[in-house]
Amino acid sequence: QVQLVESGGGLVQAGGSLRLSCVASGRFFRINAMGWYRQAPEKQRELVAVITSGGSTNYTDSAKGRFTVSRENAKHTVYLQMNSLKPEDTAVYYCHAHYFWVVAGKYLEVWGQGTLVTVSS
């Protein structure tokens with residue numbers, strides 16, 4: 001099965017930057033889209049940014065102008081560059097992938113374990 005491994009989370013001051021990475025590993029799969037979600041205390045998980053294999057992107061309103069999602073398809077890797085971080089960005093960030101598994105001939109999805117981003121004020 002496809003697995004996702006996130007990295008890059010940590011503690012930063014407001015106004016700082018972080019770059020998150022997510023690598024998908026496995027066999028006989030094709031990524032359709034990868035993205036980032038986050039979940040803060042007392043809140044539901046929400047979409048932050050997504051990118052398709054073709055490069056189309058979508059952001060939540062609060063991330064526009066500050067975050068940039070990118071990918072390297074050959075490496076099955078997606079990045080989230082986060083600039084001008086605010087305390088409200090504090091959350092566990094989860095990588096997500098929607099992919100086609102050739103063995104089963106069907107579309108599946110998978111979540112990473114999450115990486116904690118803490119922005120101090």
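Me: Why is the contact between Arg-66 and Asp-89 called a salt bridge?
Reply: The closest N and O atoms of Arg-66 and Asp-89 are 2.7 Å apart. A salt bridge needs a side-chain nitrogen of Lys or Arg within 4 Å of a carboxyl oxygen of Asp or Glu. The pair therefore qualifies. It links distant parts of the chain, 23 residues apart: Arg-66 sits in the loop between strand 6 (57-59) and strand 7 (67-72), Asp-89 in the loop between strand 8 and strand 9. Strands here are DSSP runs (E, at least two residues), numbered from the N terminus.

Me: What kind of model is this, and which atoms count?
Reply: This is a predicted model, where local features need pLDDT of at least 70 and side-chain atom pairs count only at pLDDT 80 or more, while totals for chains, interfaces and linings use all residues. Residues are numbered from 1 along each chain as its sequence is written, and side-chain values use heavy atoms, with hydrogens and water left out.

Me: Is Asp-89 buried or exposed, and how do you know?
Reply: Its relative accessible area is 0%. Buried means under 20%, exposed over 50%, partly exposed in between (1.4 Å probe, protein chains only). So Asp-89 is buried. Arg-66 is buried as well.

Me: What else does Asp-89 pair with?
Reply: Asp-89 also meets Arg-38 in a salt bridge, at 3.0 Å from N to O. Arg-38 is in strand 4 (residues 29-39), so this pair ties together parts that are 51 residues apart in sequence.

Me: Which residues make up the salt-bridge network?
Reply: Arg-38, Glu-46, Arg-66 and Asp-89 are linked in it. The whole structure holds 5 salt bridges.

Me: How do you know that Cys-22 and Cys-95 form a disulfide?
Reply: Their sulfur atoms are 2.0 Å apart. Cys-22 lies in strand 3 (residues 18-25) and Cys-95 in strand 9 (residues 91-101), 73 residues apart. Both cysteines are buried. A search of the whole structure finds 1 disulfide.

Me: Why is the disulfide of Cys-22 and Cys-95 called left-handed?
Reply: The torsion about its S-S bond is about -90 degrees, so the disulfide is left-handed.

Methods
A disulfide is a pair of cysteine sulfur atoms within 2.5 Å. Helices (H or I, at least four residues) and strands (E, at least two) are DSSP runs, numbered from the N terminus.
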